[in-house]
Amino acid sequence: MNSRTQITRRRFAAVGIAGALLLPGMFAFADAISSATISNEGGMVNGTRFKKKGPYRIGFSNGFSGNTWRTEMLASLNAEVKRHSDIKDLIIVDGQGDITKQVNDIDNLAAQDVDAILCIANSGTAVVPALSRANQEGIITAPFNLPVAGTEWTTFVGTDPTKKGRALGKWLRDALGGKGKILGLGGIPGNSYTAAAWAGAKVALEGSGIEVLAFRDAMWQEDKAKVITADLIAAYPEIDGVWADGGQDAAGAVLALLAGNRPLCPVTGDDFNGLIKLYTKYHTSQPKFDIGLMSDPTWESVVALRATLTLLRGGNVAKRMIITPRLITSANYMSYIKPNLPDGVFVDTDLSDAELEKLFG
Amino acid sequence: MAEKFHGLTLILRSGAVWPAAILLYLMAGLISPAMFELRQVVDILQVSAFLGLVALGQTMVLLVGGVDLSVAGVVTLVNILSTDLMDGKISAIPVGVALPLLIAVIVGLSNGVLVVWAGITPLIATLGMNAILYGGALIYTGGAPHGAAAPGFTALGQGSLIGVPASAVCWITVAATMWMLTRRTAYGRRLYAVGANPVAAHMMGVPVGYVLVSAYTLGSLLAGMGGLLVTAYIGQPSLGIGDQFLLTSVAAAVVGGTALTGGIGGVAGTVGGTLLITELNSFTDIVHVSVGAQYVMQGAIIALGTIVYQLAGRARLANSA
């Protein structure tokens, strides 16, 4: 099967742009991203070793491209590069979903003497030796979005899927008053993100009166999720909630419930615009319909780029910068929805509506 | 005796999938009674139609001894183009249907030309075409697909006619047409002749090249129709939507008795194979097994089906020797 789709994902998007919570040990970036809370873990990385004068050449090894999350992430990165006059080049290479190609891509970037390599890994383990080699040559290596093993890279930016899964599980547990029958829907079979998120969810559901009817991989695709949920609807007369780690899965489940004339129920997911649109359309006629959504920011690329610039200028950054997701619910969805933009948009973005219009136009 | 055995293996090859599909359905129903519910039957029929059309297209190509791995790209491109062109407007349905299908035809023609006149192996030619189509969809959308199926059009994928899903009606109508075409016309006999032995077919005066190109074109057109149905089902563009059909379309045809070597099998078997695979997916969705066990079950049943046909094929060879 096509490796591209095996990883078609990571439309983590994000989290709010609401009031900033600056707690001790945390800091926030000053601008559009400023309202996010980013906690520093794993100690600090000293930039003295990497300090050099600009202009800088930055490489980015993107594991693959083609879904809307990646498209928005790239647009944010390109926009950020333009804001820094001391960046001479941004060299983007695409792994096309291929683990081996990405390792080669990273080695090639290192051979081109870039000053820093950003990376979203196709495999959290396979890229480690290549990142480590580059790191030893004095090149900053900054994996982001998807976790990589070990510590032989410079700094990491991302969210914590286990915590997110647990928070979504807790939201669903509360929304159902601690009892009911739920479906679990994940992404591509065997992916580590779903595994971690679902493990977190199970912790949150433990000890409650919530019964998991079934957990299925819905590929983070609406059509797949709709087919699977339609099957499960036939098997289970009562479905009180849906835990999903992606908005497309949740949207597919909602469409199947609608097609099956079943009442809509609380669902979890991420900030997939299509799901928020469905909520807007049906929540008044379907009183039990509720949403609890969390996601990874498409602007993780911007945070990762800024971290590398801080190091190149001799500053310090955290070994792991973990972005704390905020919840999108019935209380605040109106500030996230993009009614005039396609369903595929991930709404927690630092791109303006005009930039998104241009991108999706 | 030999004649009788020969007949038995032929029956087994062309019809074994139907008892298998019924048996699987009964077994699945006994384990999970939900399978017997009317709405589950309706759901299975509705969902079978997408794979059904793509697998019919694949069958055309397999019958002439080829294989079409560009079906995934065709479905994705059709989905992207039709939603973009329709953009939710009923008035745009004709262009949103016609243009994607025209492109599917052009893709099929190109596949045929690459295989017949450029002499590229079908596997390579169509896999390359698949990459081109996916790349084309990426360039067209810039990775940011937009648009939506028009309201009336979605009825094709979501609506029903007297309780029968509209998508299934489309599928069965097309399947019946393809059955007539392959079994009741001179063209159909040529398809089988080319698949069984292109040299002999050429000596009999069959225009082998044209027949091959037509099979690829028809295959791609049917894949495009499958892409339209799945678009009507979900109503949205999705860049990875076609990938699920890449190998399942081959599996549905092969489980239905169509040989990868060409010239054997046909439309009726593929319809049965499609039902079998969709039933299997549906059953493994419902039954209480782990995700890993789901895959093992699906793979084992498909492998078992193929082994049965191989044994039947060998028996026939031994018999005719």
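B:Ile162 is found in the loop between β1 (160–161) and β2 (164–165) of chain B. Helices (H or I, at least four residues) and strands (E, at least two) are DSSP runs, numbered from the N terminus. B:Ile162 has a positive phi of about 45 degrees, although it is not a glycine. Most residues other than glycine have a negative phi, and most peptide bonds are trans. Is B:Ile162 buried or exposed? B:Ile162 is exposed, because 5 other C-beta atoms lie within 10 Å.

The model is predicted: local features need pLDDT of at least 70, side-chain atom pairs count only at pLDDT 80 or more, and totals for chains, interfaces and linings use all residues. Residues are numbered from 1 along each chain as its sequence is written, while chains are lettered from A and ligands numbered from 1 in the order in which they are written. The pLDDT is the predictor's confidence in each residue, from 0 to 100. Chain A averages a pLDDT of 88. In chain A, 91% of the residues score at least 70. Over residues 1–32 of chain A, pLDDT stays under 50. For that stretch the model has 99 contacts beyond four places in sequence.

Stay with chain B for one more residue. B:Glu279 is found in helix α13 (residues 267–286) of chain B. B:Glu279 counts as buried because it has 24 C-beta neighbours inside 10 Å. Which residues does B:Glu279 touch, not counting residues up to four places away in sequence? They are B:Ala21, B:Leu24, B:Tyr25, B:Ala28 and B:Ile44. Two residues are in contact if their C-beta atoms, placed from the backbone, lie within 7 Å. B:Gly157 is 122 residues from B:Glu279 along the chain, and their C-alpha atoms are separated by 18 Å.

Now turn to where the chains meet. In chain A, 32 residues are in contact with 29 residues of chain B. The elements giving two or more residues to this side of chain A are α2 (68–82), β9 (209–217), α7 (222–235) and α11 (353–360). The largest share, 10 residues, comes from α7(A). By type, the residues on this side of chain A divide into 12 nonpolar, 12 polar and eight charged. Ala, Val, Leu, Ile, Met, Phe, Trp, Tyr, Cys and Pro count as nonpolar, Asp, Glu, Lys and Arg as charged, and the others, Gly among them, as polar.

In α2(A), 11 of the 15 residues are buried. Among them are A:Trp69, A:Met73, A:Leu77 and A:Glu80. The buried residues of α2(A) pack against β3 (56–62), α10 (300–312) and α11 of chain A.

Chain A is divided into domain 1 (3–159 + 297–326) and domain 2 (161–293). These bounds come from an automatic or database domain assignment. The C-alpha centres of the two domains lie 30 Å apart.

Next come the strands. Strand β2 (residues 37–45) of chain A runs antiparallel to β13 (residues 317–324) of chain A, and seven bridges join them. Two strands pair if DSSP finds at least two bridges between them. A:Ile38 has A:Ile323 as its bridge partner in β13(A). Strand β7 (residues 156–158) of chain A runs parallel to β13(A), with three bridges. There, A:Val157 is partnered by A:Met321.

Helix α8 (residues 247–259) of chain A is mostly covered: 11 of its 13 residues are buried. What covers these buried residues includes β8 (179–186), α7, β10 (241–244), β11 (266–269), α9 (273–282) and β12 (290–293) of chain A. Just after α8(A), A:Asn261 takes a positive phi of about 55 degrees.

Two loops complete the tour. A:Pro55 is found in the loop between β2 and β3 of chain A. A cis peptide bond joins A:Gly54 and A:Pro55, with omega about -5 degrees. A:Gln96 is found in the loop between β4 (87–94) and α3 (99–111) of chain A. A:Gln96 has a positive phi of about 50 degrees although it is not a glycine. With 19 C-beta neighbours inside 10 Å, A:Gln96 counts as partly exposed.

Key. A residue is buried if 20 or more other C-beta atoms lie within 10 Å of its own, exposed if 12 or fewer, and partly exposed in between; C-beta atoms are placed from the backbone.
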